Amino acid sequence: MIQVEGLTKYYGNFKAIDSLSFYIDAGEVVGFLGPNGAGKTTTMRILTGFMPPNEGTATIAGYDVLDQPLEARQRVGYLPESVPLYKEMTVWQYVDYVAKLYNMRNPIRANRVDEVLDQVGMIDRADSLISSLSKGMRQRVGLAQALVHEPDVLVLDEPTIGLDPGQVREFRELIQQVGKEHTVLLSTHILSEVEQVCDRVLIIHNGQIVAEDRPDALSARLQGSHRFKVKVGNAKPEAIAEVIGGLPGVINVTSTDDGVEVLSEEEQDTRPAVAAAIVGKKWDLLELRPLDMSLEEIFLELTTNDRQTYEEEG
Amino acid sequence: MQFFKVIGRSLRSIGIVFSHEFNLFFTSPIVYLIGSVWLFLAGGFFALSLSAINTGQYEPDMLGMFSPMVFLMIFMAPALTMRLVAEEYRNGTNELLYTAPVRDWEVIFAKWLAVWAVFSVFMLISFVYPLILFSRGNPDPGLIITGYLGLWLMAGATLALGVFASSLTQYQLVAFFVTMGTLLVLWLAQQLTYIITSPKITPVLAEISLVSHYQNLVSRAIIDPIDVGYFVGIITVFLFLATQMLSTRRWSS
Amino acid sequence: MNEQNNIQIDRNVLRWVSLGIGLLALLAMLVAWIAEGKFSTASWISLGVSVAGIAGFILVDARAFVSAITGRQGLFGLTTAFMTIFFLAVMVALYLLLKQANIEPWDVSESQEYTLSDTTTQLLSELDGPVQVLAFYAPSDYGKEEAKLRLDQYERESDGKLTVDFIDPDADPALAGKYEVESSGTIVFEQGDQTSKADSVTENELTGALARVMLGDERHLYAIVGHGERTFTGYDTTGYSTINRHLENFNIITDEINLLETGEIPADADMVLIAGPTATFTDTEIAILSAYLDEGGAAMILSEPGTGGGTMGNGVMGVAFSPDGDTIATGGADGTIRLWDAANGDEIGVIRGHTAGLTDVAFSPDGSRIVSTSIDNTVRVWDVESGEQLAVLEGETAAVRRATFSPDGNLIASVGENQAVNIWDADTYQPMAYSPLAVPVPLMTLAFSPDSAHIAVGGGSSTEGPIYVWNTETGEVEISEPLHSSFVFSMAFSPDGQTLKSAAVDGTIGSLDIESGEGSATPRYADTGTSAIAIAKDGTIAYALVDATVHLQTDTGAQPDKDIVLSGHTDVIWDLAFSPDGSRVVSVGRDNIIDVWNVDEGTLDYMISGHSAVDPLLQYLENNWKIRLNDDIVIDLGTAQQFDEFTPIVYTYDEFSPITAPILNQYTFFPDARSITRLDTSASSLSLIALALTSSSSSGVTSWGETTDPYTVGTYGFDEADIPGPVTLAVSAEDLESGARLVVVGDSDFVSNAMLEYSNFDNSQFFIKAVEWLTESEDSIELPPVNFEDRRFDPQFGLVQLRLVQISAACLMPIAFIVAGLGVWITRRSRR
């Protein structure tokens, strides 16, 4: 459904995205994950036809965003980070206007507007001026306008920013619902969101994709031998940290309330060495168990260390 | 066939944006303020000329109202157009328009049409004044027609300039001053020709001057295709430039 | 991050401003180059600034520039730039093409005033050779734009045969002089060596000038003279020299003709003009005119009020009894001397010859000759028997007031406006050596002493009334006495020749002793004023008072209350004469009446309505053309504020006549006019059109009220005899069978030199259009009609109404609009 090849974009001298490539199949709900300034919004803007890339191509449902802009845009429903609303219009008028812009005609359109407002739960406020709505409601109206023309692809840029937790939860449920029938690309820097909602995650950093996989697959890859918890008795935490930290293959040792977390290099099982070291010191090895890596940690790892891009195999 | 389909689509898009903009105009108090000021001034000038017309000193025509119109538009045009494009940028709704399946030129054209239509509403209301002339006298209808045509086209041209200025920036005030400044300079240039007459420059200035083409239409009951062509050209040029501006600004955001 | 952005922004602003300056400088360079025709210092500087600006744009942020011109963005940028330039170039090219195409503008005016009529396009298509049009306009002349517009139309339609050039007459005085162009706004047409002029840019004028230059025809206008008419060679205020020049511009050649001398109207005459005759026409002349018109000729007849008979003129101004008492001679304002049988008042004869109104007649002592004076500035002597003119005495140069023979028959003396006394030998008609005797005032009256040794004259002004007496032998002045304080109107010697009695206009009667030279004036009739005095041989004095009565004083010492009063006249009495035997006294006056009174009984013997026979010219007009020149004077109160009530201003014209259609919106005025009545033409082949009408507050006054000054008309009161306004002042007539055409106007001054000075009136246009219509032939082009709509407010708004309309126009709409806005605002608020 979405194909991106070698996408590059400069703002003056600043390279915002660097030779980006990825594919999104129909029906997938994909998350763009990355810190601020990573290039998420830029990529989305290119996909939705807002701005042209300096290099590379992007196609939506087979239509190139540069060569066939109208057809491509027609198939995209876009909710930008700054929800574009006309404050002096009513909710209904606004969504209807967007529907019109996306070539919907009556009588289908009128029904559809009602439908989509109902879907996002704003049907009761259909005749209210947008200026009178709260942030959460506005967000929902924004989603409505993205949905109203039944696009093949939904592109949502940081859709839950600024919402309170309750609203956030509601919104995510909406997206989950929506995701059943549309291809969705949403961007966020909130990991839990991606975990909960997305089928696949693309991690972006400095304009490049540094990781791409299903959320659980990503977690799975980096778990097990990679990270484990050790509980040691009879020893001072600093000493433990020092001993274990010095072992080859150990990256990191963190003390916590109930023990020590050891992070070791990929592909290296340091558990035997650690156990041996502890026993050798006459300390009590009370517990040794593997830890799952949260997406957050993966994320941080990937993004704070200048590591090689982790590529999916197979 | 394909061609007509394409035209049809464009017309539809234009129509949609047009009616949106047009309605938007009439929901803001600004338009009513500007409109009433314009009607007051137009009516005022007309009223002033009525005295001389009444006594038969002057022929009954609308020149009293039309003459100061160019000067009025120096302030009217920026006031009406300043928010047209700039606000979309300010608001963030430019993202909506840029990503919707509408072309840049369709948006610009529709916006200009909308503000021109708003002005046309003001103009229509002012039709009451020539009615006063007809009630008691026998004015030349041809002259009144060309007068309004000149006003309509001149307004269209200054408004197109305003649309262009609005497309340059996100700050309405900047757009306002750019439009007003440009119109003021043009108007002053015309006034200068009355003082400085150089056989080389003056005819050129007269050719490109908004005022002279306007005067041609307003003061004589003839429609010269050159004058009409001039205004159409100005409108086309500025709408084109505004469209280019929109396309250019996509690259940097 | 922020700081970087700031620097970025500043740099950005800098580079764009730099580019802007660079482009503006480029524009300035172009302007300077065009203006100065070469690449001057100003251009160089601009070019330099321009280059600096563009360089700045590139260099200030070189990287941005480079990245802007490379890659897809660069491609886009370049494409946009080229497209924009290309687009602008195309637009400019299209515009220039449009200009080149020179498409005819669409004329939406109601009267199609910007479109050439069929007549003009037809004429242009018939152009057989190139015609050059030179439009002389000063650069500051606002009419230049309109001239360009119209002449463009001609040029366009002419298919290249007609070329137009605009010339500044001040910049090229030689060229202006060559074509005798006097003012800006003149257009000269030239084809070969034919030229014609137009002085306005209406289609009518331009096509007229074009036609004249193409056809090169001349037309001949003959002005009839011999009756005191205005002449084209007259350069004084009453002359027609100015209008003559206008006629020349229209290829109309003027000439004078005296019908009595030539006996016929020349064959090449396209029309004749009769411009304000004061003396009557003879039947012979009328016959010539009639024959000419019957052949399809054309004439313009301009008639002054009070001429041609009737009662509104000056009437009868001079009277004299023949020495034998059998004949009474009168001199009338109609230019004739009439002789009447003194016994019964029958008319015996008419003597014609003067070309203007008579002022005095006197018999020679032997009764065989009559001397007469006139405002035609001549003194003439006639043979009573044959009526032949014996002599025209030379010496008078202005209107002559009085003349008489000396009692011994040797001398003839005359006085008049030229402030001198002329004395001739009555036999040789040669002036005396001492003649003329100059005086410092205009003279009104004279009298010889009974012994012919002295001659007394009197005259003056409204402030003085001196009397002078000379010795007729030596010519030396003997008395010079400022006896009265207003002008002396009449005088007579006492029968013994000792005393000279004089009557002044203020009613004072003077008595001057000839010997001593002393005298006094008594205010005998100070409350009425006097206009004439006569003394019978027995000493009876007759006074004519300004109240139109004759008072007889039979006793030298008698007071006015003892006078015998003779009433009968209705207007000022100009002259009195006693019969030689003193039994009768005759009075004549402005009312055109000759009253013969019985002195002893103080009654009227009989009355003659003197010179009121209608001029054959007026009779001819009435009988043959059904046009009556009314015997009235037009008083217009509606237009009196411009000049006076005797000068009607006309703005109502016939809409369709080609004479008046071009001036429908203009004003004309007619100083001292008479009205015209169209009579029933149903039994004839005549078509009469009233061309010009006065306002509704006007009237043709047929009689005067009282006056206190002989030289001013009396008051006028409107009565039933008057002709109510609006009255017709000009009429055009056409005999549909013979094709003869006539234009009759009740005034001749409207195109005199002095009146044409009033440039905001269209008198000359009216005259010229009439001449053009009269001289039109089958060959001449029918010029396109001029359409003038009267667009004015009718009825006008009253002041209160006007203010109401003005205020509502200015305020109603805006208020309504604001109310609408408020309504919208409120409804929106409620939506929340």
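Predicted model: local features only at pLDDT ≥ 70, side-chain atom pairs only at ≥ 80, totals over all residues.
User: Let's start with packing. How many residues does the largest nonpolar core have?

Analyst: The general idea is that buried nonpolar residues are linked into a set when their C-beta atoms lie within 7 Å. Here the largest such core has 157 residues, and Val95(A), Ala160(B) and Val163(B) have the most contacts inside it. Helix α9 of chain B, residues 141–167, gives this core its largest share, 14 residues. There's also another core apart from it, with 97 residues, including Leu500(C) and Val546(C).

User: Which residues is Ala160(B) in contact with, leaving aside neighbours within four places in sequence?

Analyst: Ala160(B) is in contact with Trp112(B), Ile234(B), Ile235(B), Phe238(B) and Leu239(B).

User: Now the B–C contact. How many residues does it take from each chain?

Analyst: Count the residues on either side: 54 come from chain B and 42 from chain C. On the chain B side, the elements that supply at least two residues each include α1 (2–27), α8 (128–136), α9 and α13 (225–251). The top contributor to that side is α2(B), with 14 residues.

User: What is that side of chain B like by class?

Analyst: Sort its residues by type and you get 28 nonpolar, 21 polar and five charged.

User: Where do strands come in, and is the pairing of β1(B) with β1(C) parallel or antiparallel?

Analyst: For strands, look for bridges: two strands pair if DSSP finds at least two between them. β1(B) pairs with β1(C), residues 106–107, in the antiparallel sense over two bridges. Within that pairing, Ile222(B) has Asp107(C) as its bridge partner.

Methods. Residues numbered from 1 in each chain as written. Chains lettered and ligands numbered in written order. Buried ≥ 20, exposed ≤ 12 C-beta atoms within 10 Å, placed from the backbone. Helix = DSSP H or I, 4+ residues; strand = E, 2+ residues; numbered from the N terminus. Contact = placed C-beta atoms within 7 Å. Nonpolar A, V, L, I, M, F, W, Y, C, P; charged D, E, K, R; others polar.
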